[in-house]
Amino acid sequence: MVDWRETILKEFTPQVARLTLVADPDGLLVEEGILQTIHDRGFELMRYEDPVAFRFAFESKFRSRWDQGEQIDLVVTLASDSNVLPHDLLQTSRRLSFNLADLFPGLSYPVLAALDRSEIGTLYQALARHAGEPMGDNATKDFILRHVFGIAPELIRQPSDLLRVLLRRHYQDQRIPGILDDRLVGQLQQSGWFDEWPLGEIVPDRDAFFGFLQERWPVFLNRLLERLEGNPWMSPDEHVSSYGMKHRGPAILPFDHDDVRIYVDNLFLEGMLQPVSVEKSRLLKLNWVEVGVFSDPEADRKRRLEGLLEKCDSTLPEADGRHREWIQYARLWGQLTRMANDPERPLTSEHQESFIALRQRVDATFQSWMTQRFGGLHNQPPSPPVMVHHIPRAMARKLEGDGNGKIVLIVMDGLALDQWFTLKEVLTEQSPDFNFHEDGVFAWVPTLTSVSRQAIFSGKAPLFFPTTIQTTRQEPALWQQFWEGQGLAAHETAYLKGLGDGSLDEVEEALSDHRVRAAGLVVDKVDKIMHGMELGSAGMHASVRQWARNGFMTKLLELCHVHGFEIYLTSDHGNVEALGCGRPTEGVIADVRGERCRIYPEKELRTSIHGKFAESLEWPDHGLPEGFHSLLSTRRSAFIGKGSRIVGHGGISMEEVIVPVVQISVARK
């Protein structure tokens with residue numbers, strides 16, 4: 001069967017025209033398969049958005065190379081008609097246009113436009129099998145629900161049917177457009193089968209769904225115990241009011257149904273549900289529900305550790321996998337890494353050996369993926385964010401049309417994903433009312449604060465701040481400039497850094513200013529802990545936990561909530577424990593002499609040092625300014641004395657590159 005991509009890729013033959021302008025309002029060219037193929041054919045791609053930023057990037061990265069006689073095939077994509085481009089480019093370019101309406105002429109365009117580009121292939125093949133008459137909005141929604149996402153609302157008639165659909169969707173973190181969720185919820189409500197269920201919450205919201213299940217798990221266990229002891233099974237219609245649950249709906253769910261039970265092990269294994277304590281737990285020993293019962297801490301931990309090792313081994317993405325696969329895997333890997341680095345419960349020699357062997361596979365595969373695919377990530381649409389510089393752009397979309405909205409971005413300098421799970425656990429203990437909507441994003445490489453954190457606050461690739469790329473002093477100005485570009489005045493923004501200890505008076509003063517609508521806060525405590533760490537990754541977890549228990553972050557989040565700010569939290573980069581492979585003796589030729597990364601003004605200098613270190617990688621200059629050439633240490637090594645150990649950052653391990661992005665809300669009873 002013909003792939004839909006071929007209708008686009010047939011237009012991209014190398015050396016036909018050095019400049020190709022593509023009207024691409026639906027972002028078809030940044031679909032990962034197309035983007036990679038275009039790159040493999042020798043094309044470079046830029047997206048035209050801001051005229052000044054584009055002209056700077058075009059002149060510095062491409063025009064100068066053309067003037068030197070270098071053969072480069074450049075593709076410039078535009079969200080609208082190409083006549084917005086400067087005249088000199090229009091006169092010398094080839095022009096193309098692609099859109100969803102032409103690709104799927106028989107379907108409703110507004111519905112198509114909401115669909116993630118990764119789902120287009122499935123839809124294209126389904127239409128080839130089920131060609132028919134043109135469809136309106138609802139018919140298009142129903143077709144996509146059935147043939148792309150495998151959901152037939154008319155077949156959902158009992159709790160096990162609904163739970164099966166939602167478990168498959170939310171366990172896989174499947175992203176279904178809101179326009180389709182609304183259609184599904186509407187049809188389920190019309191059916192009359194689920195009048196008491198909070199469909200508007202648990203259908204679209206992954207965290208709400210798992211919270212819904214978590215509340216009902218202990219009720220199910222208690223009823224199971226009653227049955228094991230010979231007491232009658234109580235009615236499944238028992239209401240939540242007798243249990244004080246947050247989420248309305250039936251109190252008893254059919255966790256033991258075959259279609260539901262198949263997910264239970266993995267939900268507890270991967271931390272989506274948490275084991276609970278129940279009386280007479282001994283009666284549940286060796287029962288299938290034991291995975292969700294907190295009884296013997298050591299046995300529980302061993303079972304979960306071995307389960308995570310097996311799961312991480314069997315689900316490791318391929319080196320050509322999609323970026324979403326790696327983000328999902330990073331969250332699973334973060335759970336395992338956190339357990340492996342628990343300072344209070346060190347691994348047995350057998351488990352340690354298995355973990356290290358698996359980590360070597362993960363590092364090698366992820367490095368291969370990064371070298372092939374990282375260069376195209378910055379071209380992805382910013383909502384939902386894929387890279388850290390997309391985050392403020394996604395936040396700006398949240399503020400659109402809301403003249404009273406307020407938003408705050410908390411940047412946890414140096415916080416790795418596995419350490420986020422440690423921090424989250426403490427935050428939940430201190431304030432059970434916190435709700436966390438978690439995801440992951442890619443940091444900029446090299447994973448240095450001056451590179452990746454400035455990208456966050458500017459909302460731009462590092463290419464656009466060449467004069468300050470080795471410092472963070474311009475972050476307040478970059479943050480203000482970004483929001484001014486979104487229509488906010490200077491006095492409607494705020495920026496504070498150096499947070500993590502002591503008084504919150506300065507934060508209180510900034511957030512209490514009724515004019516402030518977009519605040520940026522830098523909490524650098526984790527980075528300070530890291531740079532003074534002598535006890536490796538286990539010491540990092542112990543220190544992060546101890547710091548979190550001091551309550552600073554809980555108070556900060558509460559303060560943001562009290563002043564009406566929608567809260568986002570992220571990190572500029574993570575960190576890893578690394579072993580010294582030797583220190584380059586380059587004198588003063590390196591601009592940055594980091595532990596996991598060295599920066600050189602000339603490629604030739606970088607290459608000369610690379611030849612002396614087998615465990616190093618010459619990183620391509622993706623999105624970086626001229627004269628900023630990175631040499632990265634690999635295989636958990638560092639440019640320090642041989643045999644020395646540090647916790648550092650700058651490289652491309654998964655722990656350094658994929659960082660948390662979390663939307664935090666506070667539920668009040």
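Rings of Phe, Tyr and Trp (for Trp, the six-membered ring) pair up if their centres lie within 6.5 Å; planes under 30 degrees apart count as stacked, over 60 as edge-to-face, and the rest as tilted. Select W326, Y329, W333, F355, F366, W369 and F442: together they form one aromatic cluster.

Before you go on, this is a predicted model: local features need pLDDT of at least 70, side-chain atom pairs count only at pLDDT 80 or more, and totals for chains, interfaces and linings use all residues. Residues are numbered from 1 along each chain as its sequence is written, and side-chain values use heavy atoms, with hydrogens and water left out.

The structure holds 33 aromatic pairs. Pick F56 and F464 next: this pair is tilted, with 6.2 Å from centre to centre and 45° between the planes. F56 lies in helix α3 (residues 51-67) and F464 in the loop between α19 and α20 (475-485), so the pair ties together parts that are 408 residues apart in sequence. Helices here are DSSP runs (H or I, at least four residues), numbered from the N terminus.

Now click on S458, in helix α19 (residues 449-458). Is S458 buried or exposed? S458 is buried, at 5% relative accessible area (buried means under 20%, exposed over 50%, partly exposed in between, with a 1.4 Å probe and protein chains only). Show its neighbours too: leaving aside residues up to four places away in sequence, S458 touches F465, L478 and F482 (contact means heavy atoms within 4.5 Å).

Technical notes:
Helix = DSSP H or I, 4+ residues; strand = E, 2+ residues; numbered from the N terminus.
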